[in-house]
Amino acid sequence: MTLDLPKVYPITDAYLSGLSHAEQVARLIEGGASLIQLRDKHAAPREFYREAASALKVARDHHARLIINDRVDLALALNADGVHLGQTDIPVEAARQLLGKEAIIGFSTHNIQQAILATSFPVDYLAFGPVFQTATKANPDPSTGQTALREVRAIKGPLPLVAIGGISLSNALEVLKAGADSVAVIAALLGDPTKIAENLSKMLAAIAAQANEASTD
């Protein structure tokens, strides 16, 4: 069964927002999030576990799904909804064996060759990027641009496609038009922690308005 992804897929960042993951999740849900990824490249494993446990409680209370970035062990220990894996993380097949068939597993790709290979993996969605330059990753891969995104769209088969990297309110619509099923967003939502819910609500409203316009054309 194909995963039904929301148009906007927020990713938390405690360093950028200055907020706990639980508080970020609460504000994102207030803005309309239904699927959120917890990402923390700085916290020690024990600290991230505590943070993720609190965030998961908030998500469960509001019927939102929570994906853990990189850490299959934490996703398993917390019974989170799934995990998002990168090119250097535990192999997808091993993660699937550990987490079971019901878990959501996403996988990051950064070029067309990686994307082609990933279509044979037991994953639920494919992430591709960075589409634009991004400042939320220490050593980002080169930006792919939208032409490469269209190429991945053409070869991905039934897998939902998530575009990531430098996506904001000003470019999210064009990225979705280029073939993404969903956009993963960090800085554009979290940069001003007082406006997290407002930022997400605005982005979702803009996307919905474009969809309505397209349906009436």
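Me: Where do R27 and E23 sit, and how far apart are they in the helix?
Reply: This is a predicted model, so keep that in mind throughout. R27 and E23 are both in helix α2 (residues 21–30), four residues apart, which means about one helical turn separates them.

Me: What do their side chains form?
Reply: The side chains of R27 and E23 form a salt bridge, at 2.7 Å from N to O. Side chains of opposite charge can pair when their charged atoms come close.

Me: How many salt bridges does the structure hold?
Reply: Nine. Another one is between D73 and R71, where the closest N and O atoms are 2.7 Å apart. D73 is partly exposed at 41% relative accessibility, and R71 is partly exposed at 25%.

Me: What about K156, which residue does it meet?
Reply: K156 meets D181 in a salt bridge, 3.8 Å from N to O. K156 lies in the loop between α7 (145–155) and β7 (161–164), and D181 in the loop between α8 (172–177) and β8 (182–185), so the pair ties together parts 25 residues apart in sequence.

Me: Is K156 buried or exposed?
Reply: K156 is buried, with a relative accessible area of 7%.

Me: And which residues are linked with K156 in a network?
Reply: R153 and D181 are linked with K156 in a network of salt bridges.

Me: Changing topic. What order do the strands of the sheet come in?
Reply: The sheet is open and has eight strands, in the order β1-β8-β7-β6-β5-β4-β3-β2, with parallel pairing. β1 (8–10) and β2 are at the edges with a single partner strand each, so one side of each has no neighbour in the sheet. On average, neighbouring strands are turned by 25° against each other, direction ignored.

Me: Which strand is joined to β2, and by how many bridges?
Reply: Strand β2 (residues 35–38) is joined to β3 by four bridges, and the two run parallel. For example, Q37 has I67 in β3 as its bridge partner.

Me: Why is β3 largely enclosed?
Reply: Strand β3 covers residues 65–69, and four of its five residues are buried, so the rest of the structure largely encloses the strand.

Me: Which helices make β-α-β units with β3?
Reply: Helix α3 (residues 45–61) makes a right-handed unit with β2 and β3. Helix α4 (residues 72–78) makes a right-handed unit with β3 and β4.

Me: Back to α2. Which strands does that helix lie across?
Reply: α2 lies across β1, β2 and β3, and runs at about 160° to β2. Helix α5 (residues 92–99) also packs on the sheet, where α5 touches β4 and β5, and its direction makes about 165° with that of β5.

Me: Last one: how many bridges join β5 to β6?
Reply: Four bridges join β5 (residues 104–109) to β6 (residues 125–128), and these strands run parallel. Among the residues involved, F107 has L126 in β6 as its bridge partner.

Notes
Residues are numbered from 1 along each chain as its sequence is written. This is a predicted model: local features need pLDDT of at least 70, side-chain atom pairs count only at pLDDT 80 or more; totals for chains, interfaces and linings use all residues. Side-chain values use heavy atoms; hydrogens and water are left out. A salt bridge is a side-chain nitrogen of Lys or Arg within 4 Å of a carboxyl oxygen of Asp or Glu. Buried means under 20% relative accessible area, exposed over 50%, partly exposed in between (1.4 Å probe, protein chains only). Two strands pair if DSSP finds at least two bridges between them. A crossover is right-handed if, with the strands pointing away from the viewer, the path from the first strand over the helix to the second runs clockwise. Axes are lines fitted to C-alpha atoms, for helices over the stretch in contact, and angles run from 0 to 180 degrees between N-to-C directions. Contact means heavy atoms within 4.5 Å.
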